[in-house]
Amino acid sequence: ATLRDGRCTVYFVDYGNSADVAAAQTCPLPEGCAELPEQAVRCGLYGVRPKGGGGWGEGATLELATLMQGRLMARACRVAGGKHEVELRAHDGPSLSEVLVAKGLAESTLASTPAAPVPRRLASVLGLAKPGEALMLQVTACKEGRIWVLVAHPGVTTQLLEVEQELNERCPKMAEGASPARGALAAKVLPKAAVVHTIAECPKPQGRFEALVSTVDSNTVYVLPIAQRDALARVSQALASEGEHPATAMTKLPSPSQCVLALYSADKLWYRARVLSADHDTRQIGGFEAGLRESFWQVQVRFVDFGNVETVSGKDVRPLREELAREPACVLPVVLAGVARLAPNAVDLLPAEVLTVEPTDNASPPSVRLMHAGTCINDRVASQPEPPKKKLADNPLPSGRVAATVAHIALPDGLFYLQQTSLASGLLAMMEELNASAATAPKPASLKLGDAVCARYAVDGLWYRGAVVEPAKDAVGPLKILFVDFGNSEDVPKADLKALPEKFEAVPLFANCVLLDAVASVSQECAQQLVSAEVEVEVADASCQPPKVRLYVNGSCINELVE
């Protein structure tokens, strides 16, 4: 509105409300912001007007304010007088217009005569095709100069036979005639919906039990209880002749958790499996028949009697027969107590002989101790964490006990970052000098893994020394930066990174990265209590990286308490 007495009325184009503001509280719109379209669209309610004409009364306004709480669905109906008219409703509820009319707050402007029914049109499969996508075609009919073709698209062709079967069941007369699709599909008839059989989980033995390690997947160990060996023998015997059975194809894409039979690529034998995921493999362009069915599928399964995972083609998956579902799974998934992360070659580090398994809880999967010759071997397969790579020099811990502060604890690896008390004044002086020079520092010439940088910490806006520990995922994304003098890692935008002046690259690190001696894992609660704690640190083993240390509080070692 026109400026009067130093004030003006403004309309907030991204929200729709207006306000009277002082001219001093306005400024020209930056050029970049002017390119963005208005985010609020001015609309009216379709099909209604205020009761009796005029404007909306107070009752209607209050009712609308109540109805418009939360998220609404809008359907654009028409544009009249340069303004959109929309139908608003909350999910499956009535439209706001209907509510206002029902409560006598508005009257309908729509004609009362019913509109002629709109003919239903089937969508074309070609609407799913992407530009340049290759589709398989098969001629099904030719009449009066017109040719009809059946188009194979992996998004819908697996459903075609099911649709035809349902049509024939609902319209018996149609079933008497020939089906062009059935002719094109070699007259295949879908069976009635088959019963999907499930395989029970491996029974969990009570107390300690003996088992063999079958496989390791990520952080889970799959063990075969000795008590399940007879069951595995029965399942193997029943599966031995599976290759001789007539091939029974899956009639539709299997769903996650569905139990099936899958062909293992290593020995070309069939095994019981549980589907982890299934999807169409659009990379394959095979024959028309293959495109309609399982050759387009990629199915990831876990073999329930062994624990290993494999991705197989849909043609190598069969429905599970009832007699093969009677035995429960033969392997039991467990996690190793006190092991935050397994070594990549954990399966090779575990003995290929009978072990004693001691459950430590009743969780699912249970946490256990693996015992060999009376000794727990969990530590044998634990992954030894490596400190992030960095180009700055370390400041080794001296011999004997040294006063320090716990600056940060990185979980789940249990990496402790300690700042020696004797170096605190040096850290403070370096920080003051770094922040004084960071404003004029250039952009980094390189942002590769391990490169030293000057990074601004979002919490306090100050500049710190850092190292790149994870590059950006794309050209505009942030980088994972380790603040090397404190130990914490954060995602930092490229705009908050500067080249680290050369003089600061020569300064050794003020944080020592260590592991606690004889401590396999550190809980979140314990880590929260120890951060910022003043301790004494003593190196227990300097031969490994990071070194292992003992921490003391009031003269007593706290490593056992942490464990």
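Buried means under 20% relative accessible area, exposed over 50%, and partly exposed in between (1.4 Å probe, protein chains only). Helices (H or I, at least four residues) and strands (E, at least two) are DSSP runs, numbered from the N terminus.

This is a predicted model: local features need pLDDT of at least 70, side-chain atom pairs count only at pLDDT 80 or more, and totals for chains, interfaces and linings use all residues. Residues are numbered from 1 along each chain as its sequence is written, and side-chain values use heavy atoms, without hydrogens and water.

Start with the whole chain. The protein chain holds 13 helices and 31 strands. Of its 563 residues, 34% are buried. Take the contacts (heavy atoms within 4.5 Å) between residues at least 6 apart in sequence: 62% of them join residues at least 24 apart.

Now return to α10. This helix has 15 residues and spans 21 Å from its first C-alpha to its last, close to the 21 Å expected at 1.5 Å a residue. The expected span is 1.5 Å times one less than the number of residues. Which residues of α10 are buried? They are Leu 427, Met 430, Met 431, Leu 434 and Ala 438. These residues cover an arc of only 105 degrees around the axis, so they sit on the same side of α10. The arc is taken from the directions from the helix axis to the C-beta atoms. An α-helix has 3.6 residues a turn, so residues three or four places apart point the same way. Ser 425, Leu 428, Glu 432 and Ala 436 are exposed on the other side of α10.

Helix α10 (residues 424-438) lies across β23 (452-456), β24 (463-470) and β27, at about 85 degrees to β24. Axes are lines fitted to C-alpha atoms, for helices over the stretch in contact, and angles run from 0 to 180 degrees between N-to-C directions.

Next comes the sheet. Five strands form an open sheet in the order β26-β25-β24-β23-β27, with antiparallel pairing. β26 (489-492) and β27 (497-499) are at the edges with a single partner strand each, so one side of each has no neighbour in the sheet. From one strand to the next, the twist averages 50 degrees. Two strands pair if DSSP finds at least two bridges between them. Strand β25 (residues 479-483) runs antiparallel to β26, and 4 bridges join them. Here Ile 481 stands opposite Glu 490 in β26.

A hairpin lies elsewhere in the chain. β14 (residues 297-303) and β15 (residues 309-313) pair antiparallel over 5 bridges. Val 301 stands opposite Glu 310 in β15. The hairpin has 5 residues between its strands, and Gly 307 in the turn has a positive phi of about 100 degrees.

Asn 559 belongs to helix α13 (residues 559-562). Is Asn 559 buried or exposed? Its relative accessibility is 4%, so Asn 559 counts as buried. A polar atom of the Asn 559 side chain lies 3.2 Å from the backbone oxygen of Val 549.

Glu 107 is in strand β7 (residues 106-108). At 23% relative accessibility, Glu 107 counts as partly exposed. Glu 107 and Gly 52 are 55 residues apart in sequence, yet 7.9 Å apart in space, C-alpha to C-alpha.

Note on methods. A polar contact is a pair of N or O atoms within 3.5 Å; within protein, one must be able to donate a hydrogen and the other to accept it, and residues adjacent in sequence count only if both atoms are side-chain atoms.
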